[in-house]
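Dear colleague,

Please find below the structure that I am handing over to you.

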Amino acid sequence: MLKVLAAGNWPPSHVRTSVVPSSRPFLPEVERLIDAVWDARANGRDVLLFDGPMARWESWDVTGEVLRLTISQTSYKPFLGTNLLHPELADRHGRAVLANPVGVSPALLTADGFLLLGRRNASVAYYPDRTHPFAGAMEPGDGADVFAALRRELNEELGLAPNDIADVRCTGIVEDPGLRQPEIIFAANVRLTLAKIESQVDRDEHYTSVALPATRDAVEAFIVDPLLTPVAVASLLLWGRLSFGVPWFDAIVRRLGIRN
């Protein structure tokens with residue numbers, strides 16, 4: 001079940017991020033499993049695996065109007081072997097054993113009033129053929145700036161330049177129940193029309209886009225679509241919290257059985 005860990009309305013000036021050493025323990029049993037998963041994927045599929053660096057969740061808290069995030073460093077290999085394929089390791093060894101990369105996902109509002117998501121290709125590592133935000137993961141090169149990570153991902157997947165984004169703010173932190181991975185959710189207003197953004201979609205990860213009018217009725221009808229990933233549901237839910245109010249949010253949370 002999707003968990004909403006924090007909900008709010010934090011502009012860039014109200015989000016503070018610090019970097020610390022990783023608290024992920026080294027357990028030989030877990031490391032052997034990670035190596036075995038990596039080798040099986042490398043030898044069993046015609047793909048080029050890359051153990052790219054990623055930022056790792058350590059902690060977060062809300063103090064007054066400020067959201068404070070603490071991150072460390074991880075990489076794709078332990079993410080593949082823990083959260084992605086073996087999240088149940090947390091049941092045996094504790095949640096700290098997971099790689100827990102910092103995901104960044106926006107509810108993307110176009111200039112002509114549509115909310116835009118992507119339909120993932122069949123070849124992606126997780127949630128193939130599902131509807132998901134145009135999103136990604138924070139990297140060390142983002143300079144401990146979650147908003148920079150989001151802008152980089154939107155540039156890579158949609159060709160959006162910094163000036164194309166009129167406003168962006170963090171709306172919450174959620175946990176994907178399948179991956180047991182926390183994800184930062186944003187609301188981003190874009191100066192481009194739906195048609196213009198759709199013409200720029202990078203087809204390597206998403207084979208098409210999915211749009212809906214940014215209205216209460218449309219969001220309430222769409223949010224129960226079984227093709228939506230948990231993070232997609234969260235992005236719409238937290239965008240609706242800002243747009244339609246907390247009572248609306250609370251009612252939809254109860255309707256969907258979401259934990260918060």
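**The largest pocket**

The largest pocket is lined by 36 residues, and those that lie nearest its centre are Tyr76, Arg120, Ala125, Tyr126 and Glu205. Several elements give two or more residues to this lining, namely β3 (53-63), α2 (76-84), β8 (136-137), α4 (146-158) and β10 (181-190). The largest share, 4 residues, comes from α4. The volume of the largest pocket is about 1000 Å³.

Please note that this is a predicted model, in which local features need pLDDT of at least 70 and side-chain atom pairs count only at pLDDT 80 or more, while totals for chains, interfaces and linings use all residues. Residues are numbered from 1 along each chain as its sequence is written, and side-chain values use heavy atoms, with hydrogens and water left out.

Some terms need explaining here. A pocket is an open set of points on a 1 Å grid over the protein atoms alone, where a 1.4 Å probe fits and protein lies on both sides within 12 Å along at least five of seven lines; lining residues have an atom within 4 Å of a point. Grid points are joined across faces, edges and corners, and the volume is the space filled by probe spheres set on the points. Helices (H or I, at least four residues) and strands (E, at least two) are DSSP runs, numbered from the N terminus.

By class, the lining of the largest pocket has 18 nonpolar, 6 polar and 12 charged residues. Here Ala, Val, Leu, Ile, Met, Phe, Trp, Tyr, Cys and Pro count as nonpolar, Asp, Glu, Lys and Arg as charged, and the others, Gly among them, as polar.

**Helix α2 and threonine 82**

How many of the residues of α2 are buried (under 20% relative accessible area, with exposed meaning over 50% and partly exposed in between, for a 1.4 Å probe and protein chains only)? The helix α2 is mostly covered, with 7 of its 9 residues buried. These are Pro78, Phe79, Leu80, Gly81, Thr82, Asn83 and Leu84.

Threonine 82, in helix α2, has a relative accessible area of 0%. Leaving aside neighbours within four places in sequence, threonine 82 is in contact (heavy atoms within 4.5 Å) with Arg24, Val30, Ile34, Pro87, Leu89, Val97, Leu98 and Ala99.

**Aromatic rings**

The structure holds 6 aromatic pairs. Rings of Phe, Tyr and Trp (its six-membered ring) pair if their centres lie within 6.5 Å; planes under 30 degrees apart count as stacked, over 60 as edge-to-face and the rest as tilted.

Why is the pair of tryptophan 38 and tyrosine 76 edge-to-face? The ring centres of tryptophan 38 and tyrosine 76 are 6.3 Å apart and the planes stand at 65 degrees, so the pair is edge-to-face. Tryptophan 38 lies in helix α1 (residues 28-44) and tyrosine 76 in helix α2, so the pair ties together parts that are 38 residues apart in sequence. Tryptophan 38 is buried, at a relative accessible area of 13%. Ring pairs also link Trp38, Tyr76 and Phe79 into a cluster.

Tryptophan 57 and tryptophan 60 form another edge-to-face pair, at 5.0 Å centre to centre and 70 degrees between the planes. Tryptophan 57 is buried, with a relative accessible area of 4%, whereas tryptophan 60 counts as partly exposed at 29% relative accessibility.

**Residues in loops**

Valine 102 lies in the loop between α3 (89-93) and β5 (103-109), and is buried with a relative accessible area of 1%. Not counting residues up to four places away in sequence, valine 102 touches Ala55, Arg56, Trp57, Ile71, Gly136, Ala137, Met138, Gln181 and Ile184.

Asparagine 100 lies in the loop between α3 and β5. Its phi is near 50 degrees, a positive value in a residue other than glycine, and asparagine 100 is buried at 9% relative accessible area.

Aspartate 129 lies in the loop between β6 and β7 (131-132). Although aspartate 129 is not a glycine, its phi is positive, at about 60 degrees. At 37% relative accessibility, aspartate 129 counts as partly exposed. The C-alpha atoms of valine 102 and aspartate 129 are separated by 22 Å, and the two residues are 27 residues apart along the chain.

Yours sincerely
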